[in-house]
Amino acid sequence: PGRQKEVEWASLNMLVLGIIVVLLWGWVHVGATYVVREIVRGNASFVFSDFFHAIKTNFWSGFGIGVFDIGIIGILCFDFLFFRAQTQSGTFISGILYGVICILIVLYLIMRAYIYPMFVTFSLSLKKLLKNALIFTTLGIKRNVMMILGVALLTFINVAIVVFLLPLGIAGGLVLPFIHYFAFCWFTVVYCSFPVIQKYMIDPYVNKQENDSTEAE
């Protein structure tokens, strides 16, 4: 009975944690993206006020994009585990489907780098966000490659820190990556993706407005 209660308590904690993650996922990404975008653009950024301002401005839409995002991630993770298990049967079709899922995961992770910056910059429908993000995976391929390499390098460094510190009995090595890892990774993502958005979505509009103003004068 004691063991059963521990399992039930752990399951309840996981359920509560899962609900909290789903609720906060979109708001945290929206607020963090807004702050990092301002830093990338070279504008003055007040971290806490800008963070909560972005959440307040995009409260329900931010929640919605978060639910959609974590839902897609959940589906892709489930499919990845499912088809990886199926590949053990050694069938050709299972191998093909497993490869397709791996490609879709990489593709969506790159698309996410554009979805959130566009979300906090423009008023676009989900369909247009996905369409533009898919287009930018090709138009910004050089920056996308650098983004992947940058995140991979940060991941390697943080894993190396944990591996190095744990044998020394320094438990803080497990906490240290959570302090800076996600922030540096998201900064790298937005730093690589936003210039592509600037080039293909913002600059043409600004140039058109300047040309129209010149013609009017």
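Buried means under 20% relative accessible area, exposed over 50%, and partly exposed in between (1.4 Å probe, protein chains only). Ser-94 is buried, at a relative accessible area of 10%. The model is predicted: local features need pLDDT of at least 70, side-chain atom pairs count only at pLDDT 80 or more, and totals for chains, interfaces and linings use all residues. Residues are numbered from 1 along each chain as its sequence is written, and side-chain values use heavy atoms, with hydrogens and water left out.

Ser-94 lies in helix H4; helices are DSSP runs (H or I, at least four residues), numbered from the N terminus. With neighbours within four places in sequence set aside, Ser-94 is in contact (heavy atoms within 4.5 Å) with Gln-86, Thr-87 and Ser-89.

The largest pocket holds about 1100 Å³ of space. A pocket is an open set of points on a 1 Å grid over the protein atoms alone, where a 1.4 Å probe fits, with protein on both sides within 12 Å along at least five of seven lines; lining residues have an atom within 4 Å of a point. Its lining has 37 residues, and His-29, Arg-112, Phe-182, Cys-185 and Trp-186 lie nearest the centre. H7 gives the most to this lining, with eleven residues.

Technical notes
Helices (H or I, at least four residues) and strands (E, at least two) are DSSP runs, numbered from the N terminus. Grid points are joined across faces, edges and corners, and a volume is the space filled by probe spheres set on the points.
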